[in-house]
Amino acid sequence: MMVRREHARAVLALEQRLGESSVRTDEAALVAASRDESEADVVLPSAVVVPRTSGEIAAALKVCAEFGVAVVPRGAGTGRTGGSAVVVDSIVIDTTKLDDVKGIERQDSYAVVDPGVVTGVFHERCEGEGLFYPPDPQSSQWCTLGGNVAENAGGPRALAYGVTRDYVLGLRAVTMEGEELVVGRRTAKGVTGYDVTSLLVGSEGTLAVFTELWLRVIVAPPVVRTLLATFASVYDAGRAVEAILRAGIVPRCIELLDELCCASVRETDPASLPTNAQVVLIIEVDGDEARCDSLVERTGAVLDESQATAVLVAKHGGDRERLWAARRVLSRALRRRATHKLSEDIVVPRSKLALILDDVRAISEREGLVMPTYGHAGDGNLHVNLLWNTPDERPRVDRAIRALFEQTILHGGTLSGEHGIGVLKRDFLPLEQSPALIAAQRAIKLALDPRDLLNPHKVLPRISHRAC
Ligand SMILES: Cc1cc2nc3c(=O)[nH]c(=O)nc-3n(C[C@H](O)[C@H](O)[C@H](O)COP(=O)(O)OP(=O)(O)OC[C@H]3O[C@@H](n4cnc5c(N)ncnc54)[C@H](O)[C@@H]3O)c2cc1C
């Protein structure tokens, strides 16, 4: 009751500070802002604040801090682990109206952008200038750069180019108490002080809210070639990935779709896969003409030796897009198969790819669950999906997730490659990290947000929450 009264007062103060049009309390807005693309259980927020300037973000945080109200920063809500899901009484700060590409400094190879810029829009802006921003989450049509930085998002091209962290030179952020931090650099190198930029990248909205990002951009590779290889089994495909990397070939991506993924894609869009493709690898190389020719030839030879049943090569835009079609419809195709879908995001050392694929099959058979698996196989980063329809299946899903995580750790892997920990994986953190390391991270959190008001109950195993 006490909490609700504080929320009502905070909402009133926000309306006074930012104007009523920037503070939404209608049910449609509250419902839309309460969840992301995960299966996290949510509650409705008290309000959704939609700032239009970084100053308004700082003002909103100050008001919430004053009333002791928790805040959930939000981009486009495409997160997979409940990072922007509302799990305790909170006010949401929706950053999508801060969506300006403020400038691209070509000579110094960086761009200054608002956090709410849609990633795909930024890609197009860079391409228009002959430049390249490699991080390419497969949600790039919708997700925001702020959300990408908060999750340290990856994508297929991470294999050759790295993840979002490798492209964040610096940023402006506001802490829960409304303090602005200007972090990092705009220069090619710089090591002044602790690397707070790296700390904030991947902090999942728990340490500060980003208000401006300084992103590194590079020269676009002139030529790109795409290969699609089909296999009779996922193990052959897994071994082919290991063989390509062992041969010293570094494509810009190697994506895997297993038997269940290919079957689902075929049901949704039969034309997007070659007939008889059981399992698929999509491989892409880039560089100049000569390098691409050589990489295609060497990759093709390894694929032949690795029992590929067919290999297609595309040189030009439209043909290349056609080879990606199956990957593009995949998420939608899997969604159609069941009422509930959870996409896990484990990473194993690449040499353990075939082993973990074996584990996935064993777990799915043991629990009687459908577990289609795809992902950025070149990085050892697999999205193991769990599909189910009725609540009585949930205990088997939970057992399967735990078993998957235990096997991942056993193989020297990690619980998340790019989707983050959010709320869904928070309680599994001790499987991978020691109590001392978790305590150190908690100390960092409390140094920046002493009252645990910013995106509480996320990332770290539960701490006492004074706002609720
Ligand atoms: C179909 C589909 C495909 C996907 N493919 C990929 C993929 O290939 N690679 C990948 O990495 N991810 C992928 N994702 C996951 C998701 O798109 C990414 O995690 C993305 O970075 C989330 O961005 P968003 O704008 O939707 O953020 P949200 O989901 O709104 O928020 C994500 C996190 O960022 C925080 N946050 C948002 N904005 C700010 C800000 N300004 N300041 C501080 N914190 C903030 C939130 O609090 C939350 O913790 C996919 C998701 C879908 C649905």
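Into which domains is the protein chain divided? The close-ups below start from that division.

**View 1. The domains of the predicted model.** The chain splits into domain 1 (101-219), domain 2 (221-337) and domain 3 (338-424), with bounds taken from an automatic or database domain assignment. Residue numbers run from 1 along each chain as its sequence is written. Because the model is predicted, local features need pLDDT of at least 70 and side-chain atom pairs count only at pLDDT 80 or more, while totals for chains, interfaces and linings use all residues; side-chain values use heavy atoms, leaving out hydrogens and water.

**View 2. Domain 2 meets domain 3.** Here the C-alpha centres of the two domains are 21 Å apart. In contact (heavy atoms within 4.5 Å) are 22 residues of domain 2 and 22 residues of domain 3. Together they bury about 1900 Å², 60% of it on carbon and sulfur atoms; this is the accessible area (1.4 Å probe) lost on putting the two parts together, summed over both.

**View 3. A salt bridge across the interface.** The rule finds 1 salt bridge between domain 2 and domain 3, where the term means a side-chain nitrogen of Lys or Arg within 4 Å of a carboxyl oxygen of Asp or Glu. Take a look at Arg 361 and Glu 259, whose side chains form a salt bridge at 3.8 Å, N to O.

**View 4. The domain 2 side.** Helix H8 (234-246), strand E13 (253-257), helix H9 (259-268) and helix H11 (317-335) each give at least two residues to the side touching domain 3. Helices (H or I, at least four residues) and strands (E, at least two) are DSSP runs, numbered from the N terminus. H8 brings the largest share, 7 residues.
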